[in-house]
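Please read the following points with the structure open beside you. They go through it one topic at a time.

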Amino acid sequence: MGPQSTPDLSTAPSPLSLSTVAVVGLGTMGTGIAEVLARAGREVIGIDTDEAAARHAVTTLEATTARAVQRERITERERQDILARYRTFTDLQAAADADLVIEVVPEDYELKRQVFAELDAVVRPDTILATGTNALSVTRLAADSQRPERVLGVHFFNPAPAMKLVEVVSSVLTAPAAVAAVTDLAHALGKDPIAVGDRPGFVADGLLFGYLNQAAAMYEAKYATREDIDAAMRLGCGLPMGPLALLDLIGVDTARTVLEAMYAESQDRLHAPAPILGQLAEAGLTGRKAGRGFYTYDAPGSGTAVPDAESPAAADELAGGRTVTGVGVAGSGTMASGIAEVFAKAGFKVVLAARGLEKAEKAKARIAKSLGRSVDKGRMSAEARDTALAAITPAGSLDAFADVDLAVEAVAEDLAVKQELFKTLDKVCKPGAVLATTTSSLPVVACARATSRPEDVIGMHFFNPAPAMKLVEVVRTVLTADDVHATVRAVCAKVRKHPVDCGDRAGFIVNALLFPYLNNAIKMVEEHYATLDDIDAAMKLGGGYPMGPFELLDVVGLDVSLAIEKVLHAEFRDPGLAPAPLLEHLVAAGCLGRKTGRGFREYARR
């Protein structure tokens, strides 16, 4: 076809004319996209060479719309209209009348190229062709097309009917009018589109898959169990799913393909697929769709995990542990008072020791206010509040820890300070007392070696705010005694926290997975690939994160974040973990986040 037949997309049809949309590939994602389009009033042409897939797509739409009628979200008449707008075919020729074609076939470049080549011969010159890829080059697909200016990417997230984010991906060849038309269509579908350039993973998956890869590597190294890794990220970060369960949902083979594409471009070791992903994929253990991946499911395609050989056996948490009735908490800050509140509410006798009795009493007063708020909100009775407060004894010296069974330090994150404190605990605490540090980044064994009884020392990493957050990372050193570990797990159960076991290495589970993700988000901004707002929106809308990375960095504190990044980089020596220069520059300028009124964003002074 000669140049004279190329359409002028500068005067392309208005977005409203994208009234007929073909969806090629009726797997889970294609079926979901077709449903979104049909519900929004578009004529939908579903195409799949597998007749069973086409029938299943129709059955799925019938079922979801029937539920919507039952829930009184749509009327039966509206349901019938939706179903009438949705037709399925097994031949690409059916796309001849489409204004827009969205390709959602498997992540294989040659397969996608073949689909686009066939579509070139079928569709009108002004039809926009969109690929749903999140790993392959949109630019390459466009360059191989007869009309590269009308090719772009439109990346929905799974499940498409529920997830609000759509990434609209343009190559250097894409006409702006095509981007505008698809962007306006996304708005019309009730989605939140963001415009991104063509690179593997785009924004959301570009950040998400590096994190998922690190989680897979952590599991492969037997650093922590799959259950503990997933629980840590759900409870410690508020994520809707743990990373290994999410890999099973996405598909282990799909994740490996995305990571291979990301690594080919970035050469960042954090993107090099963990070997276990290849092993599982080659074995056909690709996740939920196969009935087995990191977890085992009751049937292929099911989301219900069932026990298997790796499932933790039900164990008596108290077996082999030491008796704990009295707890000492060292410190007077927010974390120390929060931990003391947790123990007091659970019925333990608590000694709260600070540098001076006045500081300890102020910390107890802070606890009284917190408990008072719980009473006001109906979460506890006034009697329970009074009992908890009565269980807390403020003290101006660690000498008050003489009779405690468990001593928990929550002082400044400074190794020299903590080591001096542990030397004192070693002298003050009775034989057999468990000594715990709440450090989030320092080596627990360094605290243990400051004592004459390193076997009694363990990490108990609570999360802030301690009364609300359910997670505790239980950190064993190579010297920690088995009964000390059992004791701390039993105590966690008594204070209604969820313990996860991990070894004594930088970042433990949560920070080791969270902070490289935050660092990579900063690098995206440094490279001018996306804005702060678009990245935050992408992770909230596309990943279900409670906060975007830059919101979270400003809350945590940029100085704290930089310190953790430096610890991770020093321990693992991976160039990809080196702190982003922009983070270092902001910290040097005193822009530390909300606490200083300015970080990645500016905040009103209180």
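This is a predicted model: local features need pLDDT of at least 70, side-chain atom pairs count only at pLDDT 80 or more; totals for chains, interfaces and linings use all residues.

1. Where is P465 found? P465 belongs to the loop between β16 and β17 (471-476).

2. The bond between N158 and P159 is cis, and its omega is about 0°. P159 sits in the loop between β6 (151-156) and β7 (165-170).

3. Now turn to the strand β16. How many of its six residues are buried? Six of the six are, and β16 is described as mostly covered. From β16, V457, G459 and H461 point one way, while I458, M460 and F462 point the other way. Residues on both sides of the strand are buried.

4. Next, the neighbours of β16. Strand β15 (residues 434-437) pairs with β16 in the parallel sense, over three bridges. Within this pairing, A436 has I458 of β16 as its bridge partner. With β17, β16 runs antiparallel, and four bridges join the two. Here F462 stands opposite V472 in β17.

5. Aromatic rings come next. A pair of aromatic rings is described by the distance of the centres and the angle of the planes. How many aromatic pairs does a search of the whole structure find? The search finds five. In one of them, F343 and F462, the ring centres are 6.3 Å apart and the planes stand at 65°, so the pair is edge-to-face. The cut-off behind that word is an angle over 60 degrees. F343 lies in helix α12 (residues 334-345) and F462 in strand β16 (residues 457-462), so this pair ties together parts that are 119 residues apart in sequence.

6. Are F343 and F462 buried or exposed? F343 has 0% relative accessibility and therefore counts as buried. F462, at 3%, counts as buried too. The cut-off used for buried is under 20% relative accessible area. Ring pairs also bring in F348, so that F343, F348 and F462 are linked into a cluster.

7. Another aromatic pair is made by Y517 and Y545. Their rings are 5.3 Å apart, centre to centre, with 40° between the planes, and the pair is tilted. Y517 lies in helix α18 (residues 510-526), and Y545 in the loop between α19 (532-543) and α20 (549-556), so the pair ties together parts that are 28 residues apart in sequence. Y517 counts as buried because its relative accessibility is 4%. Y545 is buried as well, with a relative accessible area of 8%.

8. The charged end of R140 sits over the ring of Y109, at 3.6 Å from its centre. The charged end of R199 sits over the ring of Y529, and here the distance to the ring centre is 4.2 Å.

9. Phi is near 50° for F202 and near 60° for K222. F202 is placed in the loop between β8 (192-197) and α7 (204-220), whereas K222 is in the loop between α7 and α8 (226-237). With a relative accessible area of 0%, F202 is buried. K222, at 74% relative accessibility, counts as exposed.

10. Last, the second largest pocket. Rolling a probe the size of a water molecule over the atoms shows where empty space is left. This pocket holds about 1100 Å³ of space. Its lining has 38 residues, and S440, H461, N464, V556 and V560 lie nearest the centre. Two or more lining residues come from each of α8, α12, β16, α18, α20 and α21 (558-572). Which element gives the most to this lining? That is α18, with six residues. By type, the lining residues divide into 26 nonpolar, ten polar and two charged.

Definitions and conventions:
Residues are numbered from 1 along each chain as its sequence is written. Side-chain values use heavy atoms; hydrogens and water are left out. Rings of Phe, Tyr and Trp (its six-membered ring) pair if their centres lie within 6.5 Å; planes under 30 degrees apart count as stacked, over 60 as edge-to-face and the rest as tilted. Buried means under 20% relative accessible area, exposed over 50%, partly exposed in between (1.4 Å probe, protein chains only). A charge sits over a ring if NZ of Lys or CZ of Arg is within 6 Å of the ring centre and within 35 degrees of the ring normal. On a 1 Å grid over the protein atoms alone, a cavity is a set of points where a 1.4 Å probe fits but cannot get out, and a pocket is an open set with protein on both sides within 12 Å along at least five of seven lines; lining residues have an atom within 4 Å of a point. Grid points are joined across faces, edges and corners, and a volume is the space filled by probe spheres set on the points. Ala, Val, Leu, Ile, Met, Phe, Trp, Tyr, Cys and Pro count as nonpolar, Asp, Glu, Lys and Arg as charged, and the others, Gly among them, as polar. Two strands pair if DSSP finds at least two bridges between them.
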